[in-house]
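Subject: Structure handover

Hello,

Here is the structure I promised to pass on. My notes on it follow below.

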Amino acid sequence: MDELDQLRQTYFQDCDELLGELESALMALDNGRSDGDTLNDAFRAIHSIKGGADILHFDRLVRFAHTFESVLDRLRLGRLAVDPELASLMLRAGDAVADLVRAAQAGTEMPEGYENEMADALQSLAQAAGAADASEPGDGQAAATPDEGVPAAADAPPRHYRIQLSPPADLFRQGNEPQLLIRALERLGGVRTVADASALPPLASLDAEQCYLRWTIDVRTTAGLEAIQDVFDLVLDKSDLEIVDLTAEAADSATRTKADDPGPQAAAPAVSPSNPSSIAPTSGSAPGAQVKAAPTVNSIRVDLEKLDYLVNLVGELVISQSMLAEQLSVLPTDKFPALSRSIEEMSQHARNLQDGVMAVRTQPVKSVFARMPRLVRDLAVETGKNVRLLISGESTEVDKTVVEQLFDPLIHMIRNAVDHGIESPADRSANGKPVQGTIRLSAAHVGGRIVIQVTDDGRGIDRERVRARAVERGLLNADAVLTDEQLDNLIFLPGLSTAETVSDISGRGVGMDVVRRNVERLGGRVLIRSVGGRGSTFYLSLPLTLAVLDGMIVGVGAETYIVPLTVILESLRPNVRDVHRLVGGGEVLYVRGEYVPLVYLGRAFDVPDATKEPWDGLVMLVDADAGGKIGVVVDEIVGQQQVVIKSVEANYRALRGIAGATILGNGHVALILDVAGLAEAAGGAGQSPASAAA
């Protein structure tokens, strides 16, 4: 990858964050929050997107973004008022910006004229508000003007800035071009540039790929300091850049720009009070104070492939450490005390290293949750319903791989809640409910897993209707006897939908099937709790990471299995009188006032010589998610160990009751149990609707 490609990659990574910030700000505007901070956030995002696009010559994106930010600038200056129609237009314009960014990233073009209608509407607003910097319409778009993208106060006098640009010798190799930076400055106002060629070597020793020049650039503009700094955003860490405000010296009333006191907005309108860090602090109060544009970097971007490689290496280290510990266990510890201590220390260090590496892979679910308000808003408009979304726990962290796979299930669950759960305003009013329906989206860590809840206060699941549709579609026998929980789970069957007509939102019977399939692929489970007339709650229980887990090693006959430690409640050896056989098959264990279904691992996996009776072995009481508690019958408990998860599905095929595999210290492969899936496969608690209907 050459330097220009790296610059493009960095720009598009920035755009992912900026587009999220832009949509959040525009959603706040749509909800009636048009304060200065919200408008500044939106303007800053679109201005940064446009600045990078200008350097990379994405001209179509630049033109549309310029028109968009002109309207945002009129809003910031109070020349436009936010109303529902304007907020909707801004949201659609934000979508257009995102589409143009994606097209630029893919190296393609959106259809000709795609953004013209929105550009015309935006430009009409800007012109109607007296936007002097908006150009005359051409092909439905705004052309760049000398003060392109620069919010200037109406009566602000021009300011004089002097820029000392002393780039490093490898500037060109980094994909930067000084001429492009100077062109961007020219759009802000008058520019006078003087090049310093004193470091230029003789022609014979000149390296054409090395930068020998320095520049002194005088800029006279009505824009503020922030607008000038934005020009150098992508090269600040590669250049020695100094910006001096000479306006005060010329007026003989020097004032220094400070990070914590940017000065009156009329004098520097582009400097947002909500972002004081955009101006580097200086000391003293002498005229012509210098502003160092060298922001502190406290984070870096790392390719996920590199992190995955590191995780795999740490996993192999853990396996190797387990093998060493296994070999040590056969040696007399009193003869090798130093070796024993070293192995124990290495084990602790390996665990700490693994925890640290896994922490690097985690990220908040906010990146997914932040997309849901817009989805709810659009669905509410399309269905004619009044719906609000309340979000909590968005800072909950989970493995990046899990976060990436959450988007599709959440989309389908939110769509289901709005379309099937929340009633129309008239129906809610008739039932004595608030006209506005509420959907709650939350995330929390529970018992070593992340639990995501989607709750609505709608009509709840109509179980008779679900049953009738399942029978009608041939998915359920008419005489099947199902519990309420099993009836609720029928909505996950492929092809089942209670919608009367097929629409863009629902009716094809694929949405909730996708939810279950994707969640189970992650080693998770979906649980439903629904009360007629009061609403439904969907619970997504997912592992925090797909790489490692703490497990209990159990023996069954000659085989070894791993039970995730987070699902184990207790282990016991039952009395014969507490085990009861059921009519039609199956057994339950009476434990402290409740009956718990038993699942024999030996029978489930056809293990010869496995324990036949629970009182001859052990029963592990585990939490099987949707199935509540079940008892897993094993021969013995070998010990506890942190194991590295290896995918069975990727190397063989998906197996019900198996979440993965691992390599033990003795070099043998052990299967990791999926307790909830095991319960379903064995016909115990948590039996699937499909198997119950068969």
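How many aromatic pairs does the structure hold? The structure holds 5 of them. Rings of Phe, Tyr and Trp (its six-membered ring) pair if their centres lie within 6.5 Å; planes under 30 degrees apart count as stacked, over 60 as edge-to-face and the rest as tilted.

Before the details, some ground rules. This is a predicted model, where local features need pLDDT of at least 70 and side-chain atom pairs count only at pLDDT 80 or more, while totals for chains, interfaces and linings use all residues. Residues are numbered from 1 along each chain as its sequence is written, and side-chain values use heavy atoms, with hydrogens and water left out.

Rings

One of the pairs is Y11 with F58. This pair is tilted, at 6.2 Å centre to centre and 40° between the planes. Y11 lies in helix α1 (residues 3–30) and F58 in the loop between α2 (36–55) and α3 (59–76), so the pair ties together parts that are 47 residues apart in sequence. Helices (H or I, at least four residues) and strands (E, at least two) are DSSP runs, numbered from the N terminus. Both Y11 and F58 are buried, that is, under 20% relative accessible area; exposed is over 50% and partly exposed lies in between (1.4 Å probe, protein chains only). Ring pairs also link Y11, F12 and F58 into a cluster.

Y590 and Y595 form a tilted pair too, with centres 4.9 Å apart and planes at 55°. Y590 is partly exposed, at 34% relative accessibility.

Two charges sit over rings. By that I mean NZ of Lys or CZ of Arg within 6 Å of the ring centre and within 35 degrees of the ring normal. R371 has its charged end over F407, 4.5 Å from the ring centre. R603 does likewise over Y600, at 3.6 Å.

Cores

A nonpolar core is a set of buried Ala, Val, Leu, Ile, Met, Phe, Trp, Tyr and Cys residues joined through side-chain atoms within 4.5 Å. The largest has 48 residues. Those with the most contacts inside it are M372, I414, I439, I452 and L490. Helix α13 (residues 400–421) gives the largest share, 9 residues. M372 touches L389, F407, L410, I411, I414 and L441 (heavy atoms within 4.5 Å), leaving aside residues up to four places away in sequence. Another core, of 45 residues, lies apart from it; Y11, F68, L86 and L89 are among its members.

Sheet

Five strands form an open sheet in the order β21-β13-β14-β23-β22, with mixed pairing. Two strands pair if DSSP finds at least two bridges between them. β21 (636–644) and β22 (658–663) are the edge strands, each pairing on one side only. From one strand to the next, the twist averages 35°. β22 pairs with β23 (residues 669–673) in the antiparallel sense over 5 bridges. There, G660 stands opposite I672.

Helix α9 (residues 304–328) packs on this sheet and touches β21 and β22; its direction makes about 145° with that of β21. Axes are lines fitted to C-alpha atoms, for helices over the stretch in contact, and angles run from 0 to 180 degrees between N-to-C directions. Helix α10 (residues 337–361) lies across β13 (548–556) and β21, at about 50° to β21.

Strand β19

In β19 (residues 618–623), 5 of the 6 residues are buried. β19 pairs antiparallel with β15 (residues 568–572) over 4 bridges, where S571 stands opposite M620. β19 also runs antiparallel to β20 (residues 629–634), joined by 6 bridges. L618 has V634 as its bridge partner there.

Best wishes
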